[in-house]
Amino acid sequence: MSANSLMTPPTVSLPDTAPPPPFGRELIRATDLTAFYGTFAAVKNVTIGFEANRVHALIGPSGCGKSTFLRTLNRMHEVVGGHVTGRVLLGRDDIYGPRVSLTNLRRRVGMVFQKPTPFPTMSIYQNVAAGLKVGARQSRPEIDAIVERALQQAGLWNEVKDRLRQSAVALSGGQQQRLCIARTIAPEPAVILLDEPTASLDPQGTQRIEELLFNLKKDFTIIIVTHNMQQAARVSDTTTFFYLGTMVETGATKQIFTAPTQERTEAYITGRFG
Amino acid sequence: MNRLVWRRWKSRIMVGLMIGAVVVAVAPLLLILGTLVARGAGSINLAFFTQLPVPAGETGGGVAHAIVGTLLMVGVAGLIGLPIGIGAGMFCAEYPKNRLATVARFVADVMNGTPSIVIGVFAWTLIVAKQKHFSGFAGSAALAMIMIPMVMRTTEEMIKLVPHSLREAALALGYARWRTSLSVVVRTCLPGIVTGSLLAIARVAGETAPLLFTALGSQFMSRDLNQPMAALPLTVFTYATGPYDDWHRIAWATALVLIMVVLVLSLLARIATRQRFDVRQ
């Protein structure tokens, strides 16, 4: 095996699912979106729509702006002092509109991060219920039911149902990440943003999460940033390629991986750079 | 092979040096405790905790007035100093680049390096000189002034240790900033803040200089913060510098009581804020 062969990507396997219908309902759309850190534009004039109940992958080399773009969709970009120009419509609402409640926005657009972030002072149960605190008051049985449903959906219920009162940080990394997914979906958001959710997990943990995404898209619209192109090919319905802050190409995953229209896309997915 | 032997020896020497450093660091502490117990324990009995001092020459009596005085003054100092210190620390951690935070941080660092007697003199001009009498409250104010910068700086440092990812996770759930800060960030580092607060309480419980000009000390039981008040360190000071052997014994015993009071306070606060879980992040 030559050293060079390590650079050649393995054959990409595509999911055996029917291609997405061409005219799905578009749930979230960015128009001419530019995201700044100070005066530096990390994302430049991106216009893209995401259909409901699909998994959308954002790929591209490090520093290409894909994570920054993802964070503009729930206005987490502002947390690190950034600002944006352009528009993002969620349904019919402009999320950068003047009277938008960040709390309501983030309840509709949930987010899972690269490193699992269970709250260390809370039990497993409390972690899953954490996002419910900012909504309308719910009774204990209601919360119990939501916690169970969220853990079921995240594929974690059977592993933790007997230790819901125990610490969340005693779980393995993969379990912690699924716990974070349960915490994110408990308030029933419309959109879930995942920022390299498997980057810190082992292959088994990664596989569990990928299987999950397949089930979750029945109920949620999923946008996932990933460095792993096989992962994008396996889990996503559409793929968008970012490079140097611009959106180079977007389309059905099968098309992007087999017949990209842009030369840079092809160069990236065949491993010639990035 | 020779090199391997040399490496092993080097390791042993280094470990030995470090163990030596630990022994040297701990030895004074053990010596102090040992001396206190050896010299003071003999004079401690129930009466020592419950009775007032007797005139010189008589045996018996106790330091109940000083125990009450220290608990009262340190308690009030904590009520004033901890909320202000923790609040200011939270502000500095939440708005690190704010002008006010930068100034506050600098002032706190200077205050932390200020000799406590200076703070005593300041409390004297601020309160005692105006009211024209010494008081327990003036003592509490002086102690609070020592606590605030300590607590403020430790609170800020503890909050800064909480990973930014936890804050982001809470914000991404739709938590408002205040809720993120209180129920996630501060909650996560609460044991650290409690430890910092305890250190500050322990430190001021043993302060003598700031009380000399403020609480003054007293031979009587006083629960009135508006009156001069006894305190354990002041009692140690008075009896240790007195001419009688009996007084010296009382000074040793009082010093031992002072350490026990600090120990009990620490234990109580630890139990009250005990972590339900093992926090490993």
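A:Phe273 sits in the segment that follows helix H10 (263-269) of chain A. The model is predicted.

**A:Phe273**
- Setting aside neighbours within four places in sequence, A:Phe273 is in contact with A:Ala267 and A:Tyr268.
- Between A:Phe273 and A:Leu179 there are 35 Å in space, C-alpha to C-alpha.
- In sequence, A:Phe273 and A:Leu179 are 94 residues apart.

**The sheet in chain A**
- Chain A has an open sheet of four strands, in the order E2-E1-E4-E5.
- The pairing in this sheet is antiparallel.
- Strand E2 (40-51) and strand E5 (93-94) of chain A stand at the edges.
- Each of these edge strands has a single partner strand, so one side of each is left without a neighbour in the sheet.
- Strand E1 (residues 26-37) of chain A runs antiparallel to strand E4 (residues 83-90) of chain A.
- Seven bridges join E1 and E4 of chain A.
- A:Phe36 has A:His83, in E4(A), as its bridge partner.

**Where chain B touches chain A**
- On the chain B side, 18 residues are in contact with 19 residues of chain A.
- Two elements of chain B give two or more residues to its side of this contact: helix H7 (164-172) and helix H8 (177-188).
- H7(B) gives the most to that side, with six residues.
- By class, the side of chain B that touches chain A holds 10 nonpolar, four polar and four charged residues.

**Domains of chain B**
- Chain B is divided into domain 1 (2-43) and domain 2 (50-272).
- The C-alpha centres of these two domains of chain B are 31 Å apart.
- Domain 1 of chain B has six residues in contact with seven residues of domain 2 of chain B.
- The domain 1 side of this contact in chain B is made up of three nonpolar residues, two polar and one charged.

Conventions:
Residues are numbered from 1 along each chain as its sequence is written. Chains are lettered from A and ligands numbered from 1 in the order in which they are written. This is a predicted model: local features need pLDDT of at least 70, side-chain atom pairs count only at pLDDT 80 or more; totals for chains, interfaces and linings use all residues. Two strands pair if DSSP finds at least two bridges between them. Two residues are in contact if their C-beta atoms, placed from the backbone, lie within 7 Å. Ala, Val, Leu, Ile, Met, Phe, Trp, Tyr, Cys and Pro count as nonpolar, Asp, Glu, Lys and Arg as charged, and the others, Gly among them, as polar. Domain bounds come from an automatic or database domain assignment.
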